[in-house]
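Hi,

Here is the structure I promised to pass on to you. Have a look at it first, then read my notes below.

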Amino acid sequence: MADKLPSEFDVVVIGTGLPESIIAAACSRSGQSVLHVDSRSYYGGNWASFSFSGLLSWIKEYQEENNGEEWTAWQELILETEEGVALRKKDQTIQHVEVICYASQDSDEHVEEVGAVQKNPGSVTSASTNDPPDSMVTACSDTSELTTPLSEPEAAREVPDVDVTLGNENHGGDTDCSQSPLEQEKAGNLPVGEDVVDAPKKNRITYSQIVKEGRRFNIDLTSKLLYSRGLLIDLLIKSNVSRYAEFKNVTRILGYQEGNVLQVPCSRADVFNSKKLTMVEKRMLMKFLTFCLDYEQQPDEYKAYEECTFSEYLKTQKLTPNLQHFVLHSIAMTSEESTSTLDGLRETQNFLRCLGRYGNTPFLFPLYGQGELPQCFCRMCAVFGGTYCLSHAVQCLVVDKESGKCKAIIDHFGQRISAKYFIVEDSYLTEKTCSNVTYRQISRAVLITDQSVLKADSDQQISILTVPPVEPGSEAVRVVELCSSTMTCMKGTYLVHLTCPSSKKTAREDLESVVQKLFTPYAEAELENEELKKPNLLWALYFNMRDSSDISRECYNDLPSNVYVCCGPDGFLGNKNAVKQTGMYSCSMSSFWNSALPCAYKPTSGTTSSPKPSLILIFLLKFSQNTLDPSDTLLRNVFSRVLDLNSLSSATEMLWLFPPYLFSQGQHNSLHNRCLIKNC
Amino acid sequence: MAGGASGEPGPGAAAGIVVPETQEHLFKVLVIGELGVGKTSIIKRYVHQLFSQHYRATIGVDFALKVLNWDSKTLVRLQLWDIAGQERFGNMTRVYYKEAVGAFVVFDISRESTFEAVLKWKNDLDSKVQLANGIPIPTVLLANKCDQNKDNSHSPSQMDQFCKENGFTGWFETSAKDNINIDEAVRFLVENILANYKNFPNEDDVDKIKLDHTTLRAESKSQCC
Ligand SMILES: Cc1cc2nc3c(=O)[nH]c(=O)nc-3n(C[C@H](O)[C@H](O)[C@H](O)COP(=O)(O)OP(=O)(O)OC[C@H]3O[C@@H](n4cnc5c(N)ncnc54)[C@H](O)[C@@H]3O)c2cc1C
Ligand SMILES: Nc1nc2c(ncn2[C@@H]2O[C@H](COP(=O)(O)OP(=O)(O)O)[C@@H](O)[C@H]2O)c(=O)[nH]1
Ligand SMILES: [Mg+2]
């Protein structure tokens, strides 16, 4: 396992987030040799998902003042004709991490349920010797003070030994936590442990149960859904990467109005079955949605409102305020203030087109979490010969002074690895490279709760809820509630993801008011009976994540032409951004078309037919492998016929459809040889 | 994906009246171990009855499917998952491990170092995948290349002891080259998987969605250029 890496690849990919992984898979699949590294010990970067204990160690990582190991000075490893562009040692994309545990942290109540829930053959017995901690709430105002219960991941994993008594279990920092001088504002409002112990009998989930069942959790750092006709679904299917994943259809679209959570009817059947809508409203809604399906055909209906916002436009339609609210927030999922009529219509149409492909809502969620998807692409890359190294940091890019191109990387061992192309995720670039870049922030909350925000016949619901802005100027909050059959949380709990663009300082400031509207802090529940309908909060995590999407290439300083930057996750619901930029990688290769190529080869006007995809494929391969001879008729053939980048990017999509055995014998041999060398 | 019974009738209908004619199982089985011990060769031998001394590239080998008519009432679809070269630097994706119901850990009897790595692989496996009831998946140890000279002196009783101590269900001396014991080892593992299954049948989740080419093709025809 501790082999030395080969010192030459076609492509080096740094970062294992979704876009990087898609590119890695595409390159590997098309026969290029790929080295894919991540400085972290897990796949996915900010797209990762974690078990509960894994998440606790992730949290810990972000509070430790750890500057990484000493690196051998790369300055000594580069030649005079070269320049080094340093990469970042410590990730800076996560801030304001706060953890609040509402669940009881003593272990002496209803432990039998643990066995029942997990169907554990051995019975778990309770020793009930621990004094309950004084406070059940630990809240922390900033990362450096964070001392919530953090059990060692390994220790937590070992726990589920059948005859371990809960009373003897090691809960890591439980006691430290309640004793430490933490922000106690929340704790002050809450009853102390004894109240809960005396509380009426109910199957209450304790913190130790969550820890014990920690492996059942797959908690995503980034909360997204897949539009059932979106780019990512198409890509998964075309590339056959879909074989590694399974999905569930989101079962409900919810809306929030006047303090109540309601189900939004969106399919024809939903609309007609809805008890909330009057007959008149049903007709209005159906008429409007039917119009949206092909609004382009009836420009007269909206032309006059192109300059207005979508919400103003909705007011002019025959829709009750109720319906306007749902169309705006729950179907188009757009903002009241800034979305134009056209954008709103387009989003509504997109939503409607995605309906019914796999179920009653337009969205799919991957089992085991969104973090599964980058790994699926990585598996595909590995199957086609890609080399994977996690916990493998890169010190710098080596740039040739004369050509301005990147030649190699130097890794944390000081090994030089050369390649033709380099894909780097934004968070690996240093402040020096990014000094002109302004990043936005995403506010995130992850909650573990004990009930759904809207109870239904079945408790296995996957719901998306948009909570409109609380006050003018603040942002709508997207809530995704996952049930245990999504394989992201233990039975009897729900995993709730909240996401919005940051507007205040911290994620908690942005999101806590919404959390309080929807949920009851665990221990308060028994006191305020009228509040009982709301689900109880068991555990909450808040953090901010940097949004590096939509940054133009020119903003980065000194980027060599063969280095491509991938962005981290954006705040949107879908994955459009992640997939789109992977097409840009191949398009950037085409900047070569405009600059480096003799005019003779440039498209002549009047050429109409576009080249055969197979020709473009071969062209791209030869081009990327530097085996393209300028006198090759292929060049003339492809070139004279490619009219615009769109046909190029549709051609690069074809890369997925052609298995490597379509390549010429020569290419195939070199591919094969490379494998031989690799496996030696 | 793997692991569930997809036989007819469904769990609900099984309530006594109709006796199921055949039960179908899909089992995902992992084949792990150090580089060059013969994992890919074992899969190829078992599934395609092929062996090549020179075949070394793991390229394109993802998983191989073998259908077993287990008995008159049971059909087993076995998915053997190759490690796809990721063993070299040791970072497997969860995609590889998830929902596996059995595993082979392979070492090369002519290279003692590959035996020393066996426990590392077993521990890694147990930390990443468990059955629904929380116990480790049945795992069989394969001492491969038994057509060659041994590099160690583990007696069969020592091997038995080793398996007992380290949670292996059993062990076999195999050769992908001479086709020794491979069918037997697979039978043995499947027996154990089936026994587990009888004790803790997986609940089949009918709402899972698999995306595939057919859905796309059927639809894209209309909008093709
Ligand atoms: C330069 C070139 C290199 C190729 N390399 C490979 C390869 O490495 N591996 C592989 O599997 N397939 C290769 N092919 C074949 C390719 O994959 C397709 O099979 C082929 O281009 C499409 O054939 P067609 O009959 O559908 O199209 P056609 O309409 O017959 O051809 C499309 C265009 O390509 C031109 N063309 C066709 N054949 C050639 C040729 N040999 N040389 C120059 N121009 C030609 C034609 O004049 C026409 O303009 C290559 C094709 C060309 C043109
Ligand atoms: N003599 C002998 N060689 C084998 C046997 N199994 C595999 N090999 C050889 O060992 C090498 C590595 O095999 P491979 O299947 O690629 O190993 P993997 O890396 O574990 O997948 C190849 O050269 C095989 O031909 C066997 O049973 N006997
Ligand atoms: Mg192999």
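Both faces of strand S9 of chain A are covered. On one side sit A:Arg252, A:Leu254 and A:Tyr256, on the other A:Ile253, A:Gly255 and A:Gln257, and all of them are buried. Six of the six residues of this strand (252–257) are buried, so S9(A) is largely enclosed by the rest of the structure. Keep in mind that we are looking at a predicted model.

Who are the neighbours of S9(A)? Strand S18 of chain A (residues 463–467) pairs with S9(A) in the parallel sense, over four bridges. Strand S10 of chain A (residues 260–263) is also joined to S9(A) by four bridges, but here the two run antiparallel. If you are new to this: strands of a sheet pair through backbone hydrogen bonds, either parallel or antiparallel.

S9(A) and S10(A) make a hairpin with two residues between them. One thing to check in the turn is A:Glu258, which has a positive phi of about 50°.

Now for A:Gln257, which lies in strand S9 of chain A. Is A:Gln257 buried or exposed? The cut-off for buried is under 20% relative accessible area. A:Gln257 has 16% relative accessibility, so it counts as buried. Leaving aside residues up to four places away in sequence, A:Gln257 touches A:Leu262, A:Asn322, A:His325 and A:Phe326.

S7(A) is joined by two bridges to S11(A), residues 363–366. A:Tyr227, for example, has A:Phe363 in S11(A) as its bridge partner.

On to the bigger picture. Chain A is divided into domain 1 (8–91 + 368–437 + 550–596) and domain 2 (267–354). The centres of these two domains of chain A, taken over C-alpha atoms, are 41 Å apart.

Which residues touch the most other members of the largest nonpolar core? Out of its 72 residues, they are A:Phe52, A:Trp58, A:Trp539 and A:Leu541. Domain 1 and domain 2 of chain A each supply at least three residues to this core. A second, separate core has 70 residues, including A:Cys376, B:Ala103, B:Leu141 and B:Ala143.

Last stop: ligand 2. There are 19 residues around ligand 2, and B:Lys39, B:Thr40, B:Ser41, B:Asp147 and B:Ala176 come nearest.

- B:Lys39: an N or O atom in its side chain is 2.7 Å from an oxygen atom of ligand 2.
- B:Lys145: a polar side-chain atom lies 2.9 Å from an oxygen atom of ligand 2.
- B:Ala176: here a polar backbone atom is 2.7 Å from an oxygen atom of ligand 2.

Cheers

Definitions and conventions. Residues are numbered from 1 along each chain as its sequence is written. Chains are lettered from A and ligands numbered from 1 in the order in which they are written. This is a predicted model: local features need pLDDT of at least 70, side-chain atom pairs count only at pLDDT 80 or more; totals for chains, interfaces and linings use all residues. Side-chain values use heavy atoms; hydrogens and water are left out. Two strands pair if DSSP finds at least two bridges between them. A nonpolar core is a set of buried Ala, Val, Leu, Ile, Met, Phe, Trp, Tyr and Cys residues joined through side-chain atoms within 4.5 Å. Buried means under 20% relative accessible area, exposed over 50%, partly exposed in between (1.4 Å probe, protein chains only). Domain bounds come from an automatic or database domain assignment. A residue is near a molecule or strand if one of its heavy atoms lies within 4 Å of it. A polar contact is a pair of N or O atoms within 3.5 Å; within protein, one must be able to donate a hydrogen and the other to accept it, and residues adjacent in sequence count only if both atoms are side-chain atoms. Contact means heavy atoms within 4.5 Å.
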